[in-house]
Amino acid sequence: MKQVTNSQELARDAGGLLYDPQVRSAMAEFAADGDTLRLEAAAAARAAHKAVERLRSHGSEGRGLSAGALDVLVRLRTLGDAGANPGELARAAGMSPRNATGLVDTLEKEGLVRRDPDPADRRSVLARITPAGLAWLEAFRAPTHRAMAAVFHGFTDTELDQLRHLCLRLVENQQRIAAHLATTEGNPTT
């Protein structure tokens, strides 16, 4: 499996905190005022995301599902018999309706999802997980737990709570920025 940074080794600063020397050096040249903290934090968040996604995709290799298809399958499992139409899946997963429809197509071809007419809207269909989809997820459960235990090895529950909290604060900030941009785009007075 590939590494997520070009650095062979991370280093520790005077306070004992990890940093990537190559990133720090590159960011020092890029930052006009020499303050690299936010830039290094962004690079670390990207590297952490890549690390988790690489491990997750490595675990699903040979199982034939992309990360997006896996996410849709997990969502449909949670919904049970109620299922969801592709538009609802798209909104819940933060993807385009076309992408959600394509993922449902893929899952249906694999026999993991079925499409049923939507009793509330005859123009729509509901995607529902099949028994084969439930079995696929059950088989994927143990390797996923082992992978996540490995990637978060040495973290305390408190650290994991804090990591989750900090990552979701980044998400909140991005949502706030996106909402601001949506209200100001095309408005030259703002």
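**Figure 1. Salt bridges across the whole predicted model.** A search of the whole structure, which is a predicted model, finds nine salt bridges.

**Figure 2. Close-up of the salt bridge between glutamate 108 and arginine 115.** The side chains of these two residues meet with an N to O distance of 2.5 Å. Glutamate 108 is partly exposed, at 33% relative accessibility. Arginine 115 is also partly exposed, and its relative accessible area is 23%.

**Figure 3. Close-up of the salt bridge between aspartate 121 and arginine 123.** Here the side chains meet at 3.2 Å, N to O. Aspartate 121 is partly exposed, with 24% relative accessibility. Arginine 123, at 75% relative accessibility, counts as exposed.

**Figure 4. Close-up of the salt bridge between glutamate 138 and arginine 141 in helix H6.** The closest N and O atoms of glutamate 138 and arginine 141 are 2.8 Å apart. Both residues lie in helix H6, which covers residues 131-151. They are separated by about one helical turn because they are three residues apart in that helix. In an α-helix there are 3.6 residues a turn, so residues three or four places apart point the same way. Glutamate 138 is partly exposed, with a relative accessible area of 46%. For arginine 141 the relative accessible area is 35%, and this residue is partly exposed as well.

**Figure 5. Close-up of the second largest pocket.** The volume of this pocket is about 390 Å³. Its lining is made up of 17 residues, and those closest to its centre are Leu70, Val74, Phe140, Arg141 and Thr144. Helix H2 (37-60), H3 and H6 are the elements that give two or more residues to the lining. H6 provides the largest share, eight residues. Arg141, one of the residues closest to the pocket centre, is also the salt-bridge partner of glutamate 138.

**Figure 6. Close-up of the buried face of helix H4.** Helix H4 spans residues 86-93, and Pro86, Leu89 and Ala90 are buried in it. Seen down the axis of H4, the buried residues fall within an arc of 100 degrees, so they line one face of the helix. These buried residues pack against helix H3 (67-79), helix H5 (97-109) and strand S4 (121-129).

**Figure 7. Close-up of the two ends of helix H4.** At the start of H4, a side-chain oxygen of asparagine 85 comes to within 2.9 Å of the backbone nitrogen of glycine 87. After H4 comes glycine 94, which has a positive phi, near 70 degrees.

Figure 8. Asparagine 99 is placed in helix H5. This residue is partly exposed, at 38% relative accessibility. Asparagine 99 and glycine 87 are twelve residues apart along the chain, and their C-alpha atoms are separated by 9.8 Å. Glycine 87 is also the residue whose backbone nitrogen is approached by the side chain of asparagine 85 at the start of H4.

Figure 9. Strand S3 runs over residues 113-118 and contains aspartate 116. Is aspartate 116 buried or exposed? At 16% relative accessibility, aspartate 116 counts as buried, because buried means under 20% relative accessible area. Its side chain makes a polar contact of 2.8 Å with the side chain of arginine 128. Leaving aside neighbours within four places in sequence, aspartate 116 is in contact with Val125, Leu126 and Arg128.

**Figure 10. The chain as a setting for the close-up views.** The chain holds seven helices and four strands. Along the sequence, these elements follow the pattern β-β-α-α-α-α-α-β-β-α-α. Of the 190 residues in the chain, 23% are buried. Among contacts with a separation of 6 or more, 42% are between residues 24 or more positions apart.

Conventions:
Residues numbered from 1 in each chain as written. Predicted model: local features only at pLDDT ≥ 70, side-chain atom pairs only at ≥ 80, totals over all residues. Heavy atoms only, no water. Salt bridge = Lys/Arg side-chain N within 4 Å of Asp/Glu carboxyl O. Buried < 20%, exposed > 50% of the residue type's maximum accessible area, 1.4 Å probe, protein only. Arc of directions from axis to C-beta. Contact = heavy atoms within 4.5 Å. Polar contact = N/O pair within 3.5 Å; in protein donor to acceptor, adjacent residues only side chain to side chain. 1 Å grid on protein atoms, 1.4 Å probe; cavity = no way out; pocket = protein on both sides within 12 Å on 5 of 7 lines; lining within 4 Å. Points joined across faces, edges and corners; volume = space filled by probe spheres on them.
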